[in-house]
Amino acid sequence: MTSAILGKSLRDRRRGAMGYGLGLVALAVWLGVLFPVMRESEDFISFMDNLPSQMMATFGIDSATFLSAAGFLTSYLYSLFAPVLILFFVINAAASEIMAEERDGLMDMLLSNPVSRTRVFLEKAAGVGVAALALVAVLTAALVVVNPIFDLSLSVKGLLAVGLSLWLLGLLFGALTLVAGTFSGRSVVAGGVAGSIAFLAWFITGFADLYSPLENIKGASPFTWYQEPQPLTEGVTAGHLWLAITAVVLLASATFLFRRRDIATERAVLPASRVGRRPGKRRRRSPRAVWLLTGSFRKTIWDRRRSVWGWGGGLGLLTLVMFSAWPALAADAEALAGLITSLPREVFAMFGMSNPEAIVTAAGFISSRTYQAIGPILIVMFAVRGVSMAMVREEDSGVFDLLLAVPTSTRRIIAGKALGVVFSTVVVVAILTVAALLGDSVWETELGIGRILAAGAGLGLLGLFFGGLTMAIWAVGGSAFGAARITAVVAMATFLLNGLGALSDVMEPLRVISPFYWYFGDAPPLAKGFEPTYYLLLAGAVLTGWLAVNLMERRDLTV
């Protein structure tokens with residue numbers, strides 16, 4: 001197999017892979033710094049022996065191995081952050097490689113060359129797999145370097161085994177994305193199906209100890225194959241084989257579907273109401289395309305309509321899971337309080353929690369995942385990705401030139417797209433908020449409507465702040481400047497600054513410049529109302545958006 005298509009796929013993924021790779025390296029180093037602190041905490045070591053395993057499972061922790069470096073990294077890195085980053089990268093890349101190109105009409109041109117469909121499909125799939133392998137290799141190399149520095153006592157064999165397991169997990173859900181995409185022909189549907197199944201599999205594996213009915217189906221979850229037994233200590237296991245076999249079967253199915261798929265550009269370009277209609281038959285309604293061309297605001301909303309439900313639904317499900325887990329933990333509040341006091345504060349600071357004692361409350365526990373760990377990551381990614389898709393990529397592909405050829409001002413086009421991103425982000429947060437209100441009512445946590453609405457507002461403003469920052473960076477440097485990657489680095493740096501500032505007297509004064517401090521403060525978002533610092537997030541989003549609009553009026557967009 002020649003490598004022309006494979007090379008193109010890798011070039012398209014190189015910038016995104018670099019950003020994700022830097023994030024994984026930063027996580028590896030940060031966790032390497034934290035483990036010695038935990039290992040030296042005598043209170044924590046003496047407490048772990050009597051802690052209920054169900055409680056630890058809710059936090060993704062295996063109490064039997066947590067006191068070792070392998071158990072610690074498995075719980076915090078390989079059970080949560082690494083899979084989230086790898087799966088997000090792979091699912092997005094797989095959807096973009098096939099379905100997005102078909103949507104844009106590029107697949108027709110590629111398949112018009114003397115090249116088989118099977119070769120095109122497999123080379124593109126291989127490009128996604130190789131890029132994911134590079135990410136896993138970077139993470140593994142970082143841990144190999146960190147290992148002797150902090151005396152983690154990790155075996156190279158174990159690191160390679162867990163890296164292989166992580167890569168195979170990514171390949172499995174990447175192949176699942178391709179199956180859903182080649183069946184439906186829609187990139188958003190493909191990503192939504194793969195993301196939903198990934199979340200369901202994670203929930204089954206992580207909460208099987210808390211909900212006994214899940215024990216019967218836990219063995220069928222890809223996350224169970226990925227995590228049990230721990231490859232970091234056990235090496236290559238049967239789970240690797242199950243992941244590999246499933247990935248191959250899914251890839252073969254996707255190839256079969258792609259070879260028989262009708263890829264016709266005119267079906268995507270011409271309105272469905274025009275296809276097969278007899279001449280002279282009166283059209284009852286205007287084509288959808290006419291409505292789309294009435295403004296950049298509507299077009300941006302239309303482009304994000306499916307992803308809004310996917311991202312919002314995922315966050316809503318996570319919220320309901322956290323609400324449903326609280327009654328079981330509240331029944332053993334003493335053990336939960338003991339866990340919090342025994343863990344070093346550095347562990348909680350990594351997740352933006354400068355007041356860990358608050359986790360013994362419903363507001364603190366539910367905030368710990370939904371509003372302080374996973375939620376902020378996803379909302380920031382959604383807003384930044386929205387700006388990237390609506391503006392940065394359109395300039396890079398030349399679409400922006402065509403858009404500006406119509407008699408509409410640059411200011412109006414940019415403002416419309418920005419408002420479309422804002423509206424989409426608000427809808428995602430609204431879905432999360434509705435789920436929180438439902439959870440508060442069903443499980444009687446008594447958080448109150450006001451605090452839930454305020455926490456959602458702060459989360460949305462945090463995402464819009466970084467979305468506005470992406471716009472401003474793009475307006476200054478253009479599409480080749482890497483606005484999304486620069487924003488990701490700034491987000492990670494300010495997130496760590498907030499956590500470290502809560503621990504260090506030297507760095508504490510610097511916390512005030514972190515947007516995460518403006519949102520988190522020193523109390524869980526669900527334990528407080530609308531904070532004055534939220535206005536800083538609002539002002540930052542408005543200012544950066546206004547700056548971007550004005551700078552774009554002076555930009556030369558000639559290609």
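This is a predicted model: local features need pLDDT of at least 70, side-chain atom pairs count only at pLDDT 80 or more; totals for chains, interfaces and linings use all residues.

Visitor: Where do I start with packed helices?

Guide: Two packed helices are described by the angle between their axes and the distance between the axes. Take helix α22 (residues 449–477) and helix α23 (residues 483–501). Their axes come within 9 Å and cross at roughly 135°.

Visitor: Why are α22 and α23 called oblique to each other?

Guide: Angles over 145 degrees count as roughly antiparallel, and 65 to 115 as roughly perpendicular.

Visitor: Which residues of α22 and α23 make the contact?

Guide: On α22, they are F466, L469, T470, I473 and W474. On α23, they are A483, A484, I486, T487, V490, A491 and T494. By class, this contact has nine nonpolar, three polar and no charged residues.

Visitor: Now the second pair. At what angle do the axes of α6 and α11 cross?

Guide: Helix α6 (residues 117–149) and helix α11 (residues 238–259) cross at roughly 140°. Their axes come within 9 Å. That angle makes α6 oblique to α11. The crossing is right-handed.

Visitor: What makes the contact of α6 with α11?

Guide: From α6 come R117, T118, F121, L122 and A125. From α11 come L251, A254, T255, F258 and R259.

Visitor: How many nonpolar, polar and charged residues does that contact have?

Guide: The contact of α6 with α11 has six nonpolar, two polar and two charged residues.

Conventions: Residues are numbered from 1 along each chain as its sequence is written. Side-chain values use heavy atoms; hydrogens and water are left out. Axes are lines fitted to C-alpha atoms, for helices over the stretch in contact, and angles run from 0 to 180 degrees between N-to-C directions. Helices (H or I, at least four residues) and strands (E, at least two) are DSSP runs, numbered from the N terminus. Contact means heavy atoms within 4.5 Å. Ala, Val, Leu, Ile, Met, Phe, Trp, Tyr, Cys and Pro count as nonpolar, Asp, Glu, Lys and Arg as charged, and the others, Gly among them, as polar. Angles under 35 degrees count as roughly parallel, over 145 as roughly antiparallel, 65 to 115 as roughly perpendicular and the rest as oblique. A crossing is left-handed if the near helix is turned anticlockwise from the far one by less than a right angle, and right-handed if clockwise.
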